Amino acid sequence: MVSPKPPLHILIASPRGFCAGVDRAIKIVELSIERYGPPVYVRHEIVHNKFVVDRLRGMGAVFVDELDEVPDGRPVVFSAHGVPKVVPAAAEARGLDYLDATCPLVSKVHRQAQRLIEDSRHILFIGHAGHPEVIGTMGQVEEGSISLIETLDDVAAFDPTGKERLAYLTQTTLSVDDTRQIVAALVNRFPDIRGPKAEDICYATSNRQGAVKTIADRADKMLVIGAPNSSNSLRLAEVAERMAIPARLIQRASDIDWDWLGYPETLGLTAGASAPELLVREVVDALSERFDVTEEEAAHVNEDMVFKLPRELVA
Ligand code: 2E6
Ligand code: F3S
């Protein structure tokens, strides 16, 4: 006799998965391949998801780390995370056709940085060292006019000598809670510091963190679908862990650690902004093979954001 499967209630966060910037960036690569024919070069992973990258590679995209790996005469797409100013300048100097898939919300931060420099301010940029968005945004302005702040300790250690007029900006995919604390510490230490009207953390990042908070109260464990280099996905697992809900970041169903999972009554499930819905279904299917699954979608807020494609691809 086959023993019955144990019950498992899956609480699926909403919103989750693709944001408007990721959707746009993927479409830019697809349309570029249609327009130019393969190969179309892409500088850096278009978004931080292996599944997305492998699919586009299958269609004719070639992913490279740097512009000098792009042969003369072939088009190149810049990833959703943005690039330092020198990159499009170098593409222009070589006469390359380039398409900029930088998320419009990252480009907005780039413009803010330039305006603050025109206003003779030194920028404190809150973000994670080495992340491509951070490299791209810090590369919008001259070296020495922007300093990276990663932690509260960095706020305390910052030496403002010769930098009387200050402003801060942030990476789009930070922890909402950590950033609030860092901004409060900055304002406390430098009461005249200028900041953006609304934070630069994007709608998708804050909505996905809010959705995890909504379900974490009711979940015993949490699975987050996303890549280990995806800042926004890492933050989702962090939100759950901070609410004392054990959480794991997995790239797809084959990454599930069944010993770690055990037999929870209720499992929270979400996906980072660069993780396709297909992978959510794959994970639910894998869980359904071992458990008698019931699904519940837990809505936090609705999203209907859409970003326009670059004119040259839709004309
Ligand atoms: C561009 C900017 C923000 O690591 P991160 O979360 O930044 O990136 P992805 O590719 O995982 O998510 C989308 C994205 C692109 N977020
Ligand atoms: Fe843009 Fe935010 Fe997505 S910055 S790419 S909308 S995670």
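A salt bridge is taken here as a side-chain nitrogen of Lys or Arg lying within 4 Å of a carboxyl oxygen of Asp or Glu. The structure is a predicted model, in which local features need pLDDT of at least 70 and side-chain atom pairs count only at pLDDT 80 or more, whereas totals for chains, interfaces and linings use all residues. Residues are numbered from 1 along each chain as its sequence is written, chains are lettered from A and ligands numbered from 1 in the order in which they are written, and side-chain values use heavy atoms, with hydrogens and water left out.

By the salt-bridge rule, the count comes to 21. Side chains of opposite charge can pair when their charged atoms come close. One of these pairs is formed by Arg218 and Glu296, whose side chains meet at 3.0 Å, N to O. The pair links distant parts of the chain, 78 residues apart, with Arg218 in the loop between helix H8 (203-216) and strand E9 (221-225) and Glu296 in strand E12 (residues 292-299); helices (H or I, at least four residues) and strands (E, at least two) are DSSP runs, numbered from the N terminus. Arg218 has a relative accessibility of 44% and counts as partly exposed, and Glu296, with a relative accessible area of 26%, is likewise partly exposed; the classes are buried under 20% relative accessible area, exposed over 50% and partly exposed in between, for a 1.4 Å probe and protein chains only.

A second pair joins Arg165 to Asp119, with the closest N and O atoms 3.0 Å apart. Within helix H2 (residues 50-59), Lys50 and Asp54 are four residues apart, about one turn of the helix, and form a salt bridge in which the closest N and O atoms are 2.9 Å apart. Asp54 is partly exposed, its relative accessible area being 32%.

The axes of H1 and H2, fitted as lines to C-alpha atoms over the stretch in contact, come within 10 Å and cross at roughly 10 degrees. The two helices are therefore roughly parallel to each other, a description that applies to angles under 35 degrees. In contact terms (heavy atoms within 4.5 Å), Ile26, Val29, Glu30 and Ile33 of H1 meet Val52, Arg55, Leu56 and Met59 of H2. Also placed in helix H1 (residues 20-36) is Ser32, which counts as buried at 0% relative accessibility. Beyond residues up to four places away in sequence, Ser32 touches Gly37, Val40, Val77, Leu99 and Leu313.

For helix H9 (residues 231-242), the twelve residues should span 16 Å at 1.5 Å a residue, and the end C-alpha atoms are 16 Å apart, which agrees; the expected span is 1.5 Å times one less than the number of residues. Buried residues of H9 include Ser231, Asn232, Arg235, Leu236 and Val239, and the buried residues of this helix pack against H8, E9, strand E10 (247-250) and strand E11 (266-271). H9 is followed by Ala244, which has a positive phi near 65 degrees.

Notes: Axes are lines fitted to C-alpha atoms, for helices over the stretch in contact, and angles run from 0 to 180 degrees between N-to-C directions. Angles under 35 degrees count as roughly parallel, over 145 as roughly antiparallel, 65 to 115 as roughly perpendicular and the rest as oblique.
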